[in-house]
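Please find below a colleague's note on the structure shown here.

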Amino acid sequence: MRAILAIARRELDQYFATPMGWLCLCGFVLVTGFFFALMTSDYAMQASQAAFDPYSQGQINVNDWLIAPFFGNTAVILLLLCPALSMRLFAEDRRQRSMELLLSSPVSSAQIVLGKYLGALGFLVVMLAATLHYSFILHWLGRPDPGILASNYLATFLMAACFMAVGMLASAFTDNQIVALVVSFGGLLALWVLSWADAIAPSGWGTVLADISMLSHLEQLTKGLLHLQDIVYYLSFIGFFVFATWQRVEAWRWQ
Amino acid sequence: MIRVEGLQKVYGGFEAVRGISFEVGRGEVVGLLGPNGAGKTTTMRIVCGCIGATAGRALIDGRDVLEDPRGVKRRVGYLPEVPPVYPTMTVEDYVRFAATIKEVDDPEAAADRAIGRVGLAEVRHRVIDHLSKGYRQRVGLAQALVHDPDVLVLDEPTSGLDPAQRVEIRELLRDLAAGERTVILSTHILPEVEAVAERVIIMHQGRVVAQDRIDALESGGAVRLRVARPGPEAEQALRAVPGVSEVEGRPDGRIDLRIDGSDDTRAAVAAAAVPFGLLELTGGDNLEAVYLRLTAGGEGPDPRENFGRGGVSSTVEA
């Protein structure tokens, strides 16, 4: 356990030791901030218009009209950023040969993979924590449902943890970070839009595709509804890719 | 301490190591020699548990590297050819990290000791990326030493260093090799092996072609005689001496012999040559000549081809 935490800590520090980590963090805060400002003022306008319209008065609320779409946008931003954060996890170690330190140390491949993954999740937590002030602003301006806010954070974290797991596997297949970036971004995009195929796929297949897609499992969570099947989906998705990475790292020793 | 039995490693279709065996005793310093691609690095990586062997096994103190990788790795320090450093970390952070993942009880104290040992104290707060190659090599050594291993495996520890840095590292190695520590050291630089190792294992094309003490390898091998009355009779008499494997008369009247390494054989050769008027007995290859002869293959004519091949020492393996 100590070794896993040491590896995780090193990975997390690494993000802050390179421009890439800071660029992603600053970019994330800036872009989400921009979206938050834009969407908040947009919502304020709609709400004030609705105040004079008895028909839509009951419909509009901060949870469904502001929080859910905002986190939807945040997920898309993370879809773009996570491959850039996960690409170095193994590719960099192999390129600069520091992998030899890990391989010759008394740590198992599973410990290496878990340590690196936890390090990446740690950075994710830092990124999401950097958006916490938006919820304070919302509390100051209106009355958002804390439960819905929390479940949106959970959904975004789980979603991004999936992105990182896919990116980590891609990174374990190459010593070229750019290749890892492109492969993981392509793969994530495919998984993301799979639910859109629902419309064109023959019946039956459409629902299967939608079930595999990450997007369709996000819906209930953004409404504040914690369904076991969604949580299980995300956790098993992560588990699968972490396991695959573990197998991949183990295979290095036997190639 | 280290025992390697029938080790084989195949990468794709390429057989990098072809069933080698050797042993290294406790406290021994052994040089692993061989041209590029001889399989030295692969052998070292298997011994350290970085990669698995296709066949055969490596044992450290009786423990199989594959069956008990963690137990073995706790006792082995490995410095790869390229120091496995994280360029963005400081020296101190890096060595502490290495100490932690090597399961040292008190990583900070262990890191301090290792840093002091390899002479990194004045740069301990600097980022590794900003260090010279010599210092990076020391950082790599600190990482290999931090858990105070019984076995040190060093892959070309002085490659790419300037002569002054090379001397420094060599001094350090000699210091580290003192005591009970077992060291395997691979290198291209033969004087370096002679400076620190007692014994060498020479590899070529994935096989061990010789392993013996350096002095035995050097004294074994070639002897050249000059006698007053050369000829078939003299050659016949020399050929009859036990331990002589090859006798070849030269047009200038000298006789080249290939013998085993023992001094007894040498004395017997001298005695056999006396009746023919022994004028001169020279010989003994230096390590370089032994190395070049054993690792020649496919790259132009061997300058010492007239000596033939094989039969260099008692422990030569085909």
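**Note on the predicted model**

1. Within chain B of this predicted model, confidence is lowest in helix H8 (residues 214–219), with a mean of 74, and highest in helix H3 (residues 91–101), at 95. The score is pLDDT, the predictor's confidence in each residue, from 0 to 100. Helices (H or I, at least four residues) and strands (E, at least two) are DSSP runs, numbered from the N terminus.

2. Residues 298–318 of chain B have pLDDT below 50, and this stretch makes 35 contacts in the model beyond near neighbours in sequence. Two residues are in contact if their C-beta atoms, placed from the backbone, lie within 7 Å. For chain B, the average pLDDT is 84, and 91% of the residues score at least 70.

3. Residues are numbered from 1 along each chain as its sequence is written, and chains are lettered from A and ligands numbered from 1 in the order in which they are written. As this is a predicted model, local features need pLDDT of at least 70 and side-chain atom pairs count only at pLDDT 80 or more, whereas totals for chains, interfaces and linings use all residues.

4. Chain B contains eleven helices and 14 strands. Its C-alpha atoms fill a box of roughly 75 × 40 × 35 Å along the principal axes. Among contacts in chain B between residues at least 6 apart in sequence, 68% join residues at least 24 apart.

5. Between the chains, 21 residues of chain A contact 24 residues of chain B. H1(A) gives the most to the side of chain A that touches chain B, with seven residues.

6. The model scores ipTM 0.89 and pTM 0.84.
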